[in-house]
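This note is meant for a colleague who meets the structure for the first time. Please keep the sequence and the model in view while reading.

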Amino acid sequence: PPGESETLEALSRPLLTDGVATEQVLENVTKAGKRVACHWYNTPLQNNDGEVTEVMSMILDITASRDRKATLQEYATAVEASDDSIYMLDTDGRYVFANSEHLSRLAADKKISRADEAEVAGRKYAAIHTGPNAERLTEILQTVSESGEPKTEEYEFQTEDRWSYRTYSPVSDPETGEALGVVVISKDITQRKRMEERESFLSSL
């Protein structure tokens, strides 16, 4: 690509003139014309007089990891901006992360003192939520983690006048397949359920 040769020449000067090892992330072009991101590790090789005679380079294609990182960042942004309550629990039922909506709901219900992830990170779900809700979620966490199959349900809170539509999605290590936990997406459907109850009542008259 235009200008790349000049860039490589500038990057090679510390190697050739100072004998200093360097590393850079550069965009390269394959023989097939595909642009890839590469991490270059460059080591100068010197003769007995201390003169740099050649450079040994190890090049790692980091395109996939860079793209994966960008995808994860986009996902994290979407999770944080969602109006749904989204959080992840590990296989022991401990919070791994929680978005702002979930933290705000917990703070509004006075289950945590402030809407800050530090209030829940590493704590067990059952230590923050009590009663049937905690017991129900603990059972589902175990089932989904063991089966590797997602689950959905409409849940009525026993201690609060509220309904939610929950999706439980298993999370596993992409290399080993080991279960890491479950991501829970909880959508508040209280208004819809109240409308359904009202319509049911009116139709029974």
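The points below treat the sheets, the helices and the salt bridges in turn.

1. The structure is a predicted model, and the remarks below should be read accordingly.

2. The five-stranded sheet. An open sheet is built from 5 strands in the order β5-β4-β8-β7-β6, with antiparallel pairing. At its edges stand β5 (95–98) and β6 (151–156); each has a single partner strand, so one side of each is left without a neighbour in the sheet. On average, neighbouring strands of this sheet are turned by 20 degrees against each other, direction ignored.

3. Pairing within that sheet. Strand β4 (residues 85–90) is joined to strand β8 (residues 179–188) by 6 bridges in the antiparallel sense.

4. Helix α6 (residues 190–204) lies across β6, β7 and β8, and runs at about 135 degrees to β7.

5. The buried residues in α5 are Asn 133, Ala 134, Leu 137, Ile 140, Leu 141, Val 144 and Ser 145. Seen down the helix axis, the buried residues of α5 fall within an arc of 130 degrees, so they line one face of the helix. An α-helix has 3.6 residues a turn, so residues three or four places apart point the same way. The buried residues of α5 pack against β4, α4 (125–128), β6, β7 and β8, whereas Glu 135 and Glu 146, on the other side of α5, are exposed.

6. Length and end of α5. At 1.5 Å a residue, the 16 residues of α5 should span 22 Å, and the end C-alpha atoms are 22 Å apart, which agrees. Just after α5, Gly 148 takes a positive phi of about 75 degrees.

7. The three-stranded sheet. A further open sheet has 3 strands in the order β1-β2-β3, again with antiparallel pairing. Its edge strands, β1 and β3 (52–61), each pair on one side only. Neighbouring strands here are turned by 35 degrees against each other on average, direction ignored.

8. Antiparallel strands β1 and β2 (residues 35–46) are joined by 8 bridges. In β2, Trp 40 is the bridge partner of Gln 24, and His 39 stands opposite Val 25. The covered face of β1 (residues 22–29) carries Thr 22, Gln 24, Leu 26 and Asn 28, while Glu 23, Val 25, Glu 27 and Val 29 are on the uncovered face. The hairpin has 5 residues between the strands, and Gly 33 takes a positive phi near 90 degrees there.

9. Salt bridges. How many salt bridges does the structure hold? There are 7. Among them, Glu 154 and Arg 192 meet at 2.4 Å, N to O. Glu 154 lies in strand β6 and Arg 192 in helix α6, so the pair ties together parts that are 38 residues apart in sequence. Glu 27 and Arg 35 also form a salt bridge, at 2.7 Å, N to O; Glu 27 is partly exposed, with a relative accessible area of 35%, and Arg 35 is partly exposed at 42%.

10. A salt-bridge network. Arg 114, Asp 116 and Glu 119 are linked in a network of salt bridges. Within this group, the side chains of Arg 114 and Glu 119 meet at 3.5 Å, N to O. Arg 114 counts as partly exposed at 43% relative accessibility, whereas Glu 119 is buried, with a relative accessible area of 17%.

Methods. Residues numbered from 1 in each chain as written. Predicted model: local features only at pLDDT ≥ 70, side-chain atom pairs only at ≥ 80, totals over all residues. Heavy atoms only, no water. Pairing = 2+ DSSP bridges. Helix = DSSP H or I, 4+ residues; strand = E, 2+ residues; numbered from the N terminus. Axes fitted to C-alpha atoms, helices over the stretch in contact; angles between N-to-C directions. Contact = heavy atoms within 4.5 Å. Buried < 20%, exposed > 50% of the residue type's maximum accessible area, 1.4 Å probe, protein only. Expected span 1.5 Å × (residues − 1). Arc of directions from axis to C-beta. Salt bridge = Lys/Arg side-chain N within 4 Å of Asp/Glu carboxyl O.
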